Amino acid sequence: MRKIVTIVLLLAGTLNAVAQNEENKTGRIFKKFKVDVSLGYAKPQTTGTDGGALFAIEPKYAVTDQIAIGLRSEVAVTVKIDKVGDESKAKGNLSYILTGDYYFSDKKFRPFGGLGAGIYTFASVDSDTQLNSAADLPTDSKFGFMARAGFEYGHLRFGVEYNFVDNKAGYLGLKLGACIGGGRK
């Protein structure tokens with residue numbers, strides 16, 4: 001009987017030691033994959049439009065708990081409506097940017113800073129322009145950069161981004177969103 005109790009205790013101790021060893025081997029607190037989905041306000045640098053809305057989706061891979069890389073796809077639409085005349089202007093921006101974020105904490109409240117670079121495609125239309133089809137929209141693509149800061153609290157994400165694009169086409173984005181996945185292990 002004493003041999004059976006000793007064997008059971010040794011096996012239980014061995015299994016516990018292996019489980020602790022696996023946890024310490026990875027050293028990870030958070031899951032590796034997540035997707036950020038955000039809505040927000042876009043304020044353009046130029047005076048051609050007043051402001052508008054944006055939507056972004058960004059899948060990310062956490063290299064470590066502090067560093068994540070991602071691919072942001074964002075649509076920002078800004079408008080200006082002249083109340084005196086019957087003119088209006090709308091500008092659209094679609095961007096694909098490779099991003100990197102650094103998280104300053106591994107707690108539930110996680111402030112971060114990040115940078116990105118990629119392609120911005122612009123289109124604009126005036127109310128007095130006669131369009132026959134959507135293919136008539138004039139478009140232009142440029143390379144640009146992005147800098148951002150913000151925080152995550154659990155699965156809630158808040159960020160402020162500035163997109164630096166040539167010819168005063170840059171814009172400020174204020175975002176509120178959710179992180180799908182990527183929580184604590």
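Does Glu161 count as buried or exposed, and at what relative accessibility? Glu161 counts as buried because its relative accessibility is 4%, where buried means under 20% relative accessible area, exposed over 50% and partly exposed in between, with a 1.4 Å probe and protein chains only.

Before going further, a word on the model: it is predicted, with local features needing pLDDT of at least 70, side-chain atom pairs counting only at pLDDT 80 or more, and totals for chains, interfaces and linings using all residues. Residues are numbered from 1 along each chain as its sequence is written, and side-chain values use heavy atoms, leaving out hydrogens and water.

**The barrel**

Eight strands close into a barrel in the order 1-2-3-4-5-6-7-8, with antiparallel pairing. On average, neighbouring strands of this sheet are turned by 25° against each other, direction ignored; the axes are lines fitted to C-alpha atoms, and angles run from 0 to 180 degrees between N-to-C directions. Strands here are DSSP runs (E, at least two residues), numbered from the N terminus, and two of them pair if DSSP finds at least two bridges between them.

| Strands | Bridges | One partner pair |
|---|---|---|
| 7 and 8 | Eight | Tyr162 and Leu172 |

Strands 7 and 8 form a hairpin with five residues between them, and in the turn Asn167 has a positive phi of about 60°.

**Back to Glu161**

Glu161 lies in strand 7. Its side chain makes a polar contact of 2.8 Å with that of Arg148 and another of 2.9 Å with that of Lys175. A polar contact is a pair of N or O atoms within 3.5 Å; within protein, one must be able to donate a hydrogen and the other to accept it, and residues adjacent in sequence count only if both atoms are side-chain atoms. Leaving aside neighbours within four places in sequence, the residues in contact with Glu161 include Arg72, Glu74, Tyr171 and Leu172, contact being heavy atoms within 4.5 Å.

**Pairing around Leu172**

Technical notes:
Helix = DSSP H or I, 4+ residues; strand = E, 2+ residues; numbered from the N terminus.
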